[in-house]
Amino acid sequence: MEIEDNLNDWEAILSGGLPELKPRNNISYTPLYPYKGQKFKIYRGVNNGGTSTTWYNYQKLMNFIFEKNANPNIDFHENVFITEVNSAPSLKTADADTSSIKFRKESVLSSSFFQNFPVVIISGLGYFEVNQTYNEIVALFGVEYKRIELPNGKKSQRYFFHQSQDGKKILINTPQLGMIVSEERLIQIAREIRYFLKNKE
(Lines give C-alpha, C1' and ligand atoms only; values in the text may rest on other atoms or scores of the structure.)
Protein backbone atom coordinates (compact mmCIF):
# COMPACT_ATOMS: atom_id res chain seq x y z
CA MET A 1 0.00 0.00 0.00
CA GLU A 2 2.88 2.38 0.76
CA ILE A 3 4.72 1.55 -2.48
CA GLU A 4 1.94 0.99 -5.00
CA ASP A 5 1.15 4.22 -6.89
CA ASN A 6 3.44 6.18 -4.54
CA LEU A 7 4.95 8.34 -7.30
CA ASN A 8 1.54 9.11 -8.82
CA ASP A 9 0.12 9.92 -5.37
CA TRP A 10 2.90 12.40 -4.62
CA GLU A 11 2.60 14.02 -8.05
CA ALA A 12 -1.10 14.53 -7.35
CA ILE A 13 -0.29 16.12 -3.98
CA LEU A 14 2.35 18.44 -5.46
CA SER A 15 0.22 19.54 -8.41
CA GLY A 16 -3.14 20.00 -6.81
CA GLY A 17 -3.20 19.36 -3.12
CA LEU A 18 -4.25 16.33 -1.19
CA PRO A 19 -5.65 13.55 -3.39
CA GLU A 20 -8.76 11.76 -2.35
CA LEU A 21 -8.11 8.97 0.07
CA LYS A 22 -7.87 5.79 -1.97
CA PRO A 23 -9.49 2.66 -0.67
CA ARG A 24 -6.85 -0.08 -0.69
CA ASN A 25 -7.38 -3.36 1.07
CA ASN A 26 -10.37 -1.77 2.83
CA ILE A 27 -8.13 1.05 4.15
CA SER A 28 -8.32 4.67 2.97
CA TYR A 29 -4.77 5.74 2.15
CA THR A 30 -2.73 8.76 1.08
CA PRO A 31 1.07 9.08 1.49
CA LEU A 32 0.67 12.48 3.14
CA TYR A 33 -1.22 10.84 6.02
CA PRO A 34 -0.22 7.18 6.10
CA TYR A 35 -2.04 5.43 8.93
CA LYS A 36 -4.27 8.51 9.27
CA GLY A 37 -5.52 8.97 12.80
CA GLN A 38 -2.56 7.25 14.43
CA LYS A 39 -2.16 8.61 17.96
CA PHE A 40 0.90 10.44 19.28
CA LYS A 41 1.83 7.64 21.64
CA ILE A 42 3.86 4.47 21.33
CA TYR A 43 2.13 1.28 20.26
CA ARG A 44 2.98 -1.38 22.81
CA GLY A 45 1.27 -4.48 21.45
CA VAL A 46 -2.20 -3.40 22.50
CA ASN A 47 -4.81 -1.68 20.39
CA ASN A 48 -4.17 1.84 21.69
CA GLY A 49 -4.04 3.48 18.25
CA GLY A 50 -0.39 4.38 18.80
CA THR A 51 2.61 4.38 16.48
CA SER A 52 6.13 2.95 16.35
CA THR A 53 8.87 4.30 18.62
CA THR A 54 10.61 5.70 15.53
CA TRP A 55 7.60 7.68 14.31
CA TYR A 56 6.84 8.79 17.87
CA ASN A 57 10.34 10.28 18.08
CA TYR A 58 10.04 11.84 14.60
CA GLN A 59 6.85 13.55 15.76
CA LYS A 60 8.44 14.68 19.01
CA LEU A 61 11.42 16.11 17.12
CA MET A 62 9.13 18.00 14.72
CA ASN A 63 7.17 19.39 17.68
CA PHE A 64 10.42 20.68 19.18
CA ILE A 65 11.63 22.15 15.86
CA PHE A 66 8.42 24.03 15.17
CA GLU A 67 7.79 24.76 18.86
CA LYS A 68 4.23 23.57 18.70
CA ASN A 69 2.04 21.84 21.19
CA ALA A 70 1.67 18.12 20.69
CA ASN A 71 -1.14 17.23 18.29
CA PRO A 72 -2.98 14.16 19.61
CA ASN A 73 -2.36 12.54 16.19
CA ILE A 74 0.77 11.89 14.12
CA ASP A 75 1.11 14.67 11.53
CA PHE A 76 4.86 15.15 10.97
CA HIS A 77 4.48 14.28 7.27
CA GLU A 78 3.05 17.79 6.79
CA ASN A 79 6.50 19.28 7.43
CA VAL A 80 9.06 16.67 6.42
CA PHE A 81 9.84 14.14 3.73
CA ILE A 82 11.19 10.78 4.83
CA THR A 83 12.74 7.88 2.99
CA GLU A 84 14.81 4.82 3.81
CA VAL A 85 18.48 4.33 2.97
CA ASN A 86 17.70 0.62 2.83
CA SER A 87 14.48 -0.14 0.96
CA ALA A 88 14.32 -3.66 2.44
CA PRO A 89 14.38 -3.16 6.23
CA SER A 90 14.24 -6.09 8.61
CA LEU A 91 13.20 -6.62 12.21
CA LYS A 92 16.81 -7.59 12.92
CA THR A 93 19.71 -5.59 11.45
CA ALA A 94 21.80 -8.73 11.03
CA ASP A 95 19.10 -10.26 8.81
CA ALA A 96 18.52 -7.21 6.60
CA ASP A 97 18.92 -7.40 2.83
CA THR A 98 21.30 -4.51 2.08
CA SER A 99 21.47 -4.95 -1.70
CA SER A 100 19.40 -1.79 -2.39
CA ILE A 101 21.63 0.60 -0.42
CA LYS A 102 24.24 1.20 -3.14
CA PHE A 103 21.56 2.01 -5.74
CA ARG A 104 19.68 4.33 -3.37
CA LYS A 105 22.85 6.27 -2.55
CA GLU A 106 23.88 6.61 -6.20
CA SER A 107 20.46 7.22 -7.77
CA VAL A 108 18.07 8.41 -5.06
CA LEU A 109 19.91 10.31 -2.32
CA SER A 110 22.23 11.93 -4.86
CA SER A 111 19.29 13.22 -6.95
CA SER A 112 18.58 16.95 -7.14
CA PHE A 113 15.36 16.36 -5.18
CA PHE A 114 17.23 15.25 -2.06
CA GLN A 115 20.21 17.51 -2.62
CA ASN A 116 17.95 20.59 -2.52
CA PHE A 117 16.69 20.04 1.03
CA PRO A 118 18.25 22.70 3.30
CA VAL A 119 18.00 20.40 6.35
CA VAL A 120 18.83 16.71 6.19
CA ILE A 121 18.73 14.30 9.12
CA ILE A 122 20.28 10.88 8.68
CA SER A 123 19.06 8.50 11.34
CA GLY A 124 21.42 5.55 11.09
CA LEU A 125 25.15 5.87 11.63
CA GLY A 126 26.07 2.52 10.09
CA TYR A 127 24.74 3.11 6.57
CA PHE A 128 27.62 5.33 5.43
CA GLU A 129 31.37 4.82 5.32
CA VAL A 130 33.01 7.28 7.68
CA ASN A 131 36.62 6.83 8.75
CA GLN A 132 39.85 8.79 9.18
CA THR A 133 40.48 9.04 5.43
CA TYR A 134 37.00 9.11 3.85
CA ASN A 135 33.58 10.47 4.78
CA GLU A 136 30.85 9.25 2.44
CA ILE A 137 28.31 11.72 3.86
CA VAL A 138 30.56 14.66 3.02
CA ALA A 139 31.08 13.32 -0.50
CA LEU A 140 27.42 12.49 -1.16
CA PHE A 141 25.70 15.56 0.29
CA GLY A 142 28.28 18.29 -0.39
CA VAL A 143 28.69 19.23 3.27
CA GLU A 144 31.64 19.52 5.62
CA TYR A 145 31.95 17.79 8.98
CA LYS A 146 31.96 20.47 11.68
CA ARG A 147 31.61 18.85 15.09
CA ILE A 148 30.27 16.09 17.29
CA GLU A 149 27.77 16.78 20.05
CA LEU A 150 27.23 14.64 23.14
CA PRO A 151 23.92 15.59 24.80
CA ASN A 152 24.25 15.02 28.55
CA GLY A 153 27.84 13.98 27.84
CA LYS A 154 26.70 10.53 26.70
CA LYS A 155 28.27 8.83 23.67
CA SER A 156 25.04 6.89 23.11
CA GLN A 157 23.24 10.21 22.50
CA ARG A 158 25.84 11.68 20.14
CA TYR A 159 25.15 13.24 16.79
CA PHE A 160 27.37 14.72 14.09
CA PHE A 161 26.82 18.19 12.65
CA HIS A 162 27.69 19.01 9.02
CA GLN A 163 27.20 22.17 6.95
CA SER A 164 27.71 23.14 3.33
CA GLN A 165 30.51 25.57 2.56
CA ASP A 166 28.03 28.24 1.44
CA GLY A 167 26.04 27.83 4.68
CA LYS A 168 22.80 26.98 2.86
CA LYS A 169 22.46 23.38 4.04
CA ILE A 170 22.98 21.47 7.26
CA LEU A 171 23.06 17.73 7.80
CA ILE A 172 22.77 15.97 11.13
CA ASN A 173 23.79 12.34 11.42
CA THR A 174 22.41 10.63 14.49
CA PRO A 175 21.93 7.07 15.75
CA GLN A 176 18.55 5.64 14.84
CA LEU A 177 15.62 7.42 16.43
CA GLY A 178 13.87 4.11 16.95
CA MET A 179 16.35 3.23 19.66
CA ILE A 180 16.77 4.75 23.11
CA VAL A 181 16.67 8.49 22.47
CA SER A 182 16.99 11.06 25.23
CA GLU A 183 14.68 14.03 25.12
CA GLU A 184 17.79 16.20 25.46
CA ARG A 185 19.17 14.85 22.17
CA LEU A 186 15.93 15.68 20.35
CA ILE A 187 15.77 19.15 21.95
CA GLN A 188 19.39 19.89 21.05
CA ILE A 189 18.94 18.75 17.42
CA ALA A 190 15.76 20.85 17.17
CA ARG A 191 17.64 23.86 18.55
CA GLU A 192 20.35 23.45 15.88
CA ILE A 193 17.73 23.32 13.13
CA ARG A 194 15.73 26.29 14.44
CA TYR A 195 18.89 28.39 14.69
CA PHE A 196 19.90 27.46 11.13
CA LEU A 197 16.45 28.18 9.66
CA LYS A 198 16.17 31.49 11.49
CA ASN A 199 19.58 32.70 10.34
CA LYS A 200 19.17 31.33 6.80
CA GLU A 201 16.21 33.66 6.10
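1. Buried means under 20% relative accessible area, exposed means over 50%, and partly exposed lies in between (1.4 Å probe, protein chains only). By this rule, 37% of the 201 residues of the protein count as buried, and E136 and K105 are both among the buried residues.

2. This is a predicted model, in which local features need pLDDT of at least 70 and side-chain atom pairs count only at pLDDT 80 or more, whereas totals for chains, interfaces and linings use all residues. Residues are numbered from 1 along each chain as its sequence is written, and side-chain values use heavy atoms, with hydrogens and water left out.

3. The protein has six helices and six strands, where helices (H or I, at least four residues) and strands (E, at least two) are DSSP runs numbered from the N terminus.

4. The structure holds eight salt bridges, each defined as a side-chain nitrogen of Lys or Arg within 4 Å of a carboxyl oxygen of Asp or Glu. One of them joins E136 and K105 at 3.0 Å, N to O; this pair links helix α5 (residues 136–141), which holds E136, to helix α3, which holds K105, across 31 residues.

5. E183 meets K60 at 3.3 Å, N to O, with E183 in helix α6 (residues 183–200) and K60 in helix α2 (residues 53–65), 123 residues apart. E183 counts as partly exposed because its relative accessibility is 42%, while K60, at 17%, counts as buried.

6. R194 meets E67 at 3.7 Å, N to O. R194 is partly exposed at 27% relative accessible area, whereas E67 is exposed at 61%.
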